[in-house]
Amino acid sequence: MKLYYDLHIHSCLSLCAEDDMTPANIANMAAVAGLQLIAVSDHQSALNCPAVFEACRRAGILFLPAMELCTREEVHVLCLFEDLPGALSCSDFVKKRLILPRRNASISIRQTVMDENDNPLYDEKAYLGAAADIGIYDVGALIKSFGGLAVPAHIDRPSHSLLSNLAFYDPLMDFSACELTKECDPETIIKEHPELSGMRFLKNSDAHSLGDISDPVHFIEVPDAKPRTILDTIARCPF
Ligand SMILES: [Zn+2]
Ligand SMILES: [Zn+2]
C-alpha cells in the first residue's frame, strides 16, 4: 500500500504558524491535496493532536500524533508516535523540561489548543518557543520509551538543525531516519557527510500555512496502515 505523506505540519498551537492552521482546516486541506497520511508536529507539544486525530478521521485520512522537539543544543527533532497517549505523555514530559526565558507573565501569546470542530479551548501558557533540557544523544531512546520514533528535522537547514548546530552526525546518536528539506539531494548530503550513509530520509513540508501543505509527492510503501507498521517502515526501509 502506497501512502502519500506529509509528516511535519504546524498548527495554531505553534506561535510561528498562521491562525487558520486549525485542526479541521489542516485535515481537510491535506485530504483535498490528495495526501493519505499526515502528522501535526507543533513545537514542544502534542496538545492539538487529539483534535487533529478526530478531524483526520472525519476527513478520511490517516494521522500520526507528533511534536517537534527542540533539544538543549537547539536542534529540532521530529518525534512521531504510535498513539495519542504516548504523544501526550511525552508532551507533558517535555513541558516540564522547557528552559523558559524570563518574561512578563502578563503578556499573552497565541498558542491555541482547539477541539476537532476548530473551537478554541485555551491558550497554552508555557512558552513553546523555548528549548528543552534534553540532550540530542538522549532523544532517540526517550522518544522510543513513549512508543515513538525520533527523526532529526530539516538537517540541511542553516539553523536549528543537526548539521548546522553540531556540524556532524555521530552514529552514537542512534537515529535511523532524518528529514531533509524539499530542495536537498540525498546523494549530495551523503557526499558531504559520509557518516549519514545508510540513513533513511524523509521529506516533509514543515508547513506553517495551509498553502504550504505538501502535494502528494513523497510516499512510503507499507504492508498495512497501522501506526506501528508506518513507524517501523520509516525506521527500516530505504526511500
Ligand atoms: Zn524546525
Ligand atoms: Zn517545524
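## Ground rules

The model is predicted, so local features need pLDDT of at least 70 and side-chain atom pairs count only at pLDDT 80 or more, while totals for chains, interfaces and linings use all residues. Residues are numbered from 1 along each chain as its sequence is written, and chains are lettered from A and ligands numbered from 1 in the order in which they are written.

## Overall shape

Let's start with the whole chain. It holds seven helices and 10 strands; these are DSSP runs, numbered from the N terminus, with helices (H or I) of at least four residues and strands (E) of at least two. The C-alpha atoms fill a box of roughly 50 × 45 × 30 Å along the principal axes.

Of the 239 residues, 44% are buried. Among contacts with a separation of 6 or more, 73% join residues 24 or more positions apart; a contact needs C-beta atoms, placed from the backbone, within 7 Å.

## The six-stranded sheet

Six strands form an open sheet of mixed pairing in the order S7-S4-S3-S2-S1-S10. S7 and S10 (219–221) are the edge strands, each pairing on one side only. Neighbouring strands are turned by 30 degrees against each other on average, direction ignored. Strands count as paired if DSSP finds at least two bridges between them. S1 (residues 2–9) and S2 (residues 37–40) run parallel, joined by three bridges, and Tyr5 has Leu37 in S2 as its bridge partner. Helix H4 (residues 136–145) packs on the sheet, touching S3 (62–70), S4 and S7, and its direction makes about 150 degrees with that of S7.

At the S7 end, S4 (residues 76–81) pairs with S7 in the antiparallel sense over five bridges, with Leu78 opposite Val151. In S7 (residues 148–152), five of five residues are buried: Gly148, Ala150 and Pro152 on one side, Leu149 and Val151 on the other.

## Helices H1 and H2

The axes of H1 (residues 23–33) and H2 (residues 49–59) come within 8 Å and cross at roughly 40 degrees. Axes are lines fitted to C-alpha atoms, for helices over the stretch in contact, and angles run from 0 to 180 degrees between N-to-C directions. Residues meeting here include Ile26 and Ala27 in H1 and Val52 and Ala55 in H2.

Buried residues of H2 include Cys49, Phe53 and Cys56. Their cover includes H1, S2, S3, H3 (84–95) and S5 (112–114). After H2 comes Gly60, with a positive phi near 80 degrees.

## A loop residue: Ala153

Ala153 sits in the loop between S7 and H5 (162–166). Why is Ala153 buried? Because 26 other C-beta atoms lie within 10 Å.

Not counting residues up to four places away in sequence, Ala153 touches His8, Glu68, His76, Val77, Leu78, Ser161 and Glu179. Glu54, by contrast, is 99 residues away from Ala153 in sequence and 26 Å away in space, C-alpha to C-alpha.

Note on methods
A residue is buried if 20 or more other C-beta atoms lie within 10 Å of its own, exposed if 12 or fewer, and partly exposed in between; C-beta atoms are placed from the backbone. Two residues are in contact if their C-beta atoms, placed from the backbone, lie within 7 Å.
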